Amino acid sequence: MKVKTCWSWEVEEKIAGIVAVADVWAATTNLCVFLGLEVKDLWLVDVAQAKTIKLKDNQAIIAGESHELPKSFFTVSNHTTDIAGYNWQGKSVYYLSTNGVRVMREMVEKGADTVVGLSLVNLAAATEWMRKKEQAITLVAAGEITYKDPRAPEDGLAVEWCRRLLQGEKVNGDEEIEQLKQAMKDYYRYENQDLWEQDGKISFAVNSWPVVPVVSQAIDGEVRVTDADAGEGQALLRTED
């Protein structure tokens, strides 16, 4: 099995095979939560689309974040705690984020056969699903384009763990998660530590949301997310005391 890893800005103009995008904090984690909480329809949109949707229907449910739009524009913020605390069952949702959503849409536009949302919370499920496809796989760490060093540690770790598991290598889960938490505190320097802890309880809970978000372009050109329904592979992740 051919497996390649890279950062989002390193992806070539055209790409084939399976592309798994990791934006752990928070877009790909949030996709797992949306689907796990039984959202009816989930669409990935850009700023222009979000504005158009809002103009047509002021009651439309738009979740996420943007540097170009006020927080009041969104029904629910991009914080994973807020996403997990909302009742999504049976609802149609438009989702916008600065990094992860943008990168997943780009991968669709660049011609990937399949785009998968990869995070720590669905690591085993996504890995097992991709393994069974027997296709070339590109693991893309989204990163944080607004930071001086865009190499977000959580995205890099998710991609590295997935690579190891696909190639039959071990993952020292507990130890590396603790190292990641410290690296992220240094990287993000959160002022609101309570919110950091709340989001982290969800985002660092490895294999807690065993869904596989598949991102694809619908007939009308919109980018949609569906669940590949692969709640498998829980034993893939090996932790060591």
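Biologist: Why does Trp-9 count as partly exposed?

Modeller: The model is a predicted one, and the values that follow are computed from it. Trp-9 has a relative accessibility of 41%.

Biologist: What makes Trp-7 buried or exposed?

Modeller: The relative accessibility of Trp-7 is 17%. Buried means under 20%, so Trp-7 counts as buried.

Biologist: Why is the pair of Trp-7 and Trp-9 called stacked?

Modeller: The structure holds 11 aromatic pairs. For Trp-7 and Trp-9, the ring centres are 5.3 Å apart and the planes lie at 10 degrees. Centres must lie within 6.5 Å for a pair, and planes under 30 degrees apart count as stacked.

Biologist: Why is the pair of Phe-73 and Phe-74 called edge-to-face?

Modeller: Their ring centres are 5.3 Å apart, but the planes stand at 75 degrees. An angle over 60 counts as edge-to-face, so that is the term for this pair. Phe-73 and Phe-74 are both buried.

Biologist: What sits over the ring of Phe-73?

Modeller: The charged end of Lys-54 does, 5.1 Å from the ring centre. The distance part of the criterion is within 6 Å. Elsewhere, Phe-34, Tyr-86, Trp-88 and Tyr-95 form one aromatic cluster.

Biologist: How do you know that Ala-60 counts as buried?

Modeller: Ala-60 lies in the loop between helix 2 (47–56) and strand 4 (61–64). Its relative accessibility is 9%, and buried means under 20%, so Ala-60 counts as buried. Beyond residues up to four places away in sequence, Ala-60 touches Ile-53, Lys-54, Thr-75 and Tyr-94.

Biologist: Why does Ser-97 count as buried?

Modeller: Ser-97 has 5% relative accessibility, against a limit of under 20%; it therefore counts as buried. Its place is in the loop between strand 6 (92–96) and helix 4 (100–109). A polar atom of the Ser-97 side chain lies 3.5 Å from the backbone nitrogen of Gly-100. Neighbours within four places in sequence aside, Ser-97 is in contact with Ala-27, Glu-65, Asn-78 and Arg-102.

Biologist: What makes strand 1 and strand 5 stand at the edges of the sheet?

Modeller: The open sheet of 10 strands has the order 1-8-2-7-9-10-3-6-4-5, with mixed pairing. Strand 1 (3–7) and strand 5 (76–77) each have a single partner strand, so one side of each is left without a neighbour in the sheet.

Biologist: How many bridges join strand 2 to strand 7, and how many join strand 7 to strand 9?

Modeller: Strand 2 (residues 18–22) and strand 7 run parallel and are joined by five bridges; Ile-18 has Thr-114 as its bridge partner in strand 7. Strand 7 (residues 114–118) and strand 9 (residues 213–217) run antiparallel, with two bridges. A pairing requires at least two bridges. Val-116 has Val-214 as its bridge partner in strand 9.

Biologist: In which sense do strand 9 and strand 10 pair?

Modeller: They pair in the antiparallel sense over five bridges, with Val-215 opposite Val-225 in strand 10. Their hairpin has five residues between the strands, and Gly-221 there takes a positive phi near 95 degrees.

Conventions. Residues are numbered from 1 along each chain as its sequence is written. This is a predicted model: local features need pLDDT of at least 70, side-chain atom pairs count only at pLDDT 80 or more; totals for chains, interfaces and linings use all residues. Side-chain values use heavy atoms; hydrogens and water are left out. Rings of Phe, Tyr and Trp (its six-membered ring) pair if their centres lie within 6.5 Å; planes under 30 degrees apart count as stacked, over 60 as edge-to-face and the rest as tilted. Buried means under 20% relative accessible area, exposed over 50%, partly exposed in between (1.4 Å probe, protein chains only). A charge sits over a ring if NZ of Lys or CZ of Arg is within 6 Å of the ring centre and within 35 degrees of the ring normal. Helices (H or I, at least four residues) and strands (E, at least two) are DSSP runs, numbered from the N terminus. Contact means heavy atoms within 4.5 Å. A polar contact is a pair of N or O atoms within 3.5 Å; within protein, one must be able to donate a hydrogen and the other to accept it, and residues adjacent in sequence count only if both atoms are side-chain atoms.
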